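I opened my notebook for a first walk through this model. Come along and look up each spot with me.

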Amino acid sequence: MYQNIIKVLVGQRRVGKSVLLLQLIELIRKEKPNANIIYINKEDLAFENIKTYRDLVSHTEKNQKSGQQNFLFVDEIQDIEDFEKALRHFQAKDQWDIYITGSNAKLLSGELATYISGRYIEIKIFTLSYLEFIEFHNLADSNSSLQKYIRYGGLPYLINLKLDDEIVFDYLKNIYAAILYKDIIARHNIRNVGFLDRLILFLADNTGSIVSAKSINEFLKSQKISISLNVILDYLNYLCEAFFLFKVKRNDLKGKKILEFGEKYYFEDLGIRHAVGGYKNDDINKILENIVYLQLLINGYHVTIGKLLDKEIDFVGEKSGQRIYVQVAFTIPDQKVKEREFGNLLRIKDNFRKMVVSMDEIQVESYEGIEHFHLREFLTQQV
């Protein structure tokens, strides 16, 4: 990696950023035995005294070694006040190869992003894909393995646990609490924690449905709860900034513009969703949509929801000037459902790839050029 480029690993807590950072350190030590490596982990009490950018500069420069290549690794850097000032200071001296991690989407925003524009690379770390999940757990690619992935999600630490509801969901509830407290409640001084919990339960129940602050507000009124639209919007943004949720905008395919209202929300990790809101078989369509959405992100697509007049395309993925259109269904039991799922895609008059993803055991043949995949097949190939 280039020394003058700051490497930024971002993602939800517990997706494996820290492990990747340690692996990079190990790799550098093998390739450069004389390298001077300074490692700061803000979740380790040993570094509790590094609270501000001044502390970070002081600690780093005190441990700098002349005549050697100096590397700086900071894990969860957002817990250091005004850390961006320290990064600006280090870059001005051009003596450090810098790697940082953070659990907030706005880690590099505002003044810092302006100052070091073009001098950093941001690497998004997701939860495990299905292929990574079965490799981690030493499982065969099978329907049984897929069901485990659907139920428990892809947090890497699950490799250390028995894949059992009571054990896994207890662990995931603790991760949920840590994310909420450290990255949302404490960071934004939230007092109405009860509402935040209710909001997350509402979003779990409405995964993949069109959601707006107004629709949430109306639901809350029916529950005798009064919360302003601005507070709802703020809380939704906080959840997305912490990579707990992804907000997906709608794309008017006919008008060729992104719509400003009526987004959908999907979870970074389905296991946490199930631990919080419960795993319900009736939610399978929502769950499958969430999995397909995550896979498209992992494969490098920018994803929107397609709107074509009164019809909806579940996902429109764009990458390197190419597009892919994806419809998701639990099963395609009859001709009526087939015409609906394939028919929406047939309305799109371009030559980009179009596909339907479902859980049908008996393969439904491709239809007028539109491909059909079982979910396992979709998750095990480079789409």
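Entry 1: Arg14 is not a glycine, yet its phi is positive, about 75 degrees. I found Arg14 in the loop between strand S1 (6-10) and helix H1 (17-31). My helices (H or I, at least four residues) and strands (E, at least two) are DSSP runs, numbered from the N terminus. Most residues other than glycine have a negative phi.

Then I turned to Phe243, also not a glycine, with a positive phi of about 60 degrees. Phe243 sits in the loop between helix H10 (229-241) and strand S6 (245-248). Is Phe243 buried or exposed? Phe243 is buried, with a relative accessible area of 7%.

**Entry 2: ground rules.** I noted that this is a predicted model, where local features need pLDDT of at least 70, side-chain atom pairs count only at pLDDT 80 or more, and totals for chains, interfaces and linings use all residues. Residues are numbered from 1 along each chain as its sequence is written, and side-chain values use heavy atoms, with hydrogens and water left out.

**Entry 3: the sheet.** I traced an open sheet of five strands, in the order S2-S3-S4-S1-S5, with parallel pairing; two strands pair if DSSP finds at least two bridges between them. Strand S2 (36-41) and strand S5 (120-124) are the edges, each pairing on one side only. From one strand to the next, the twist averages 15 degrees. S1 and strand S4 (residues 96-102) run parallel and are joined by four bridges. I picked out Lys7, whose bridge partner in S4 is Tyr99.

**Entry 4: the largest core.** Here I looked for a nonpolar core, a set of buried Ala, Val, Leu, Ile, Met, Phe, Trp, Tyr and Cys residues joined through side-chain atoms within 4.5 Å. Which residues touch the most other members of the largest one? Of its 42 residues, they are Leu172, Leu196, Leu203, Leu239 and Phe244. Helix H7 (165-188) gives this core its largest share, ten residues. I followed Leu196: beyond its neighbours within four places in sequence, Leu196 is in contact (heavy atoms within 4.5 Å) with Leu180, Ile184, Ile185, Ile190, Tyr235 and Leu239. Apart from this core lies another, of 36 residues, including Tyr149, Ile324, Val326 and Val383.

Technical notes
Buried < 20%, exposed > 50% of the residue type's maximum accessible area, 1.4 Å probe, protein only. Axes fitted to C-alpha atoms, helices over the stretch in contact; angles between N-to-C directions.
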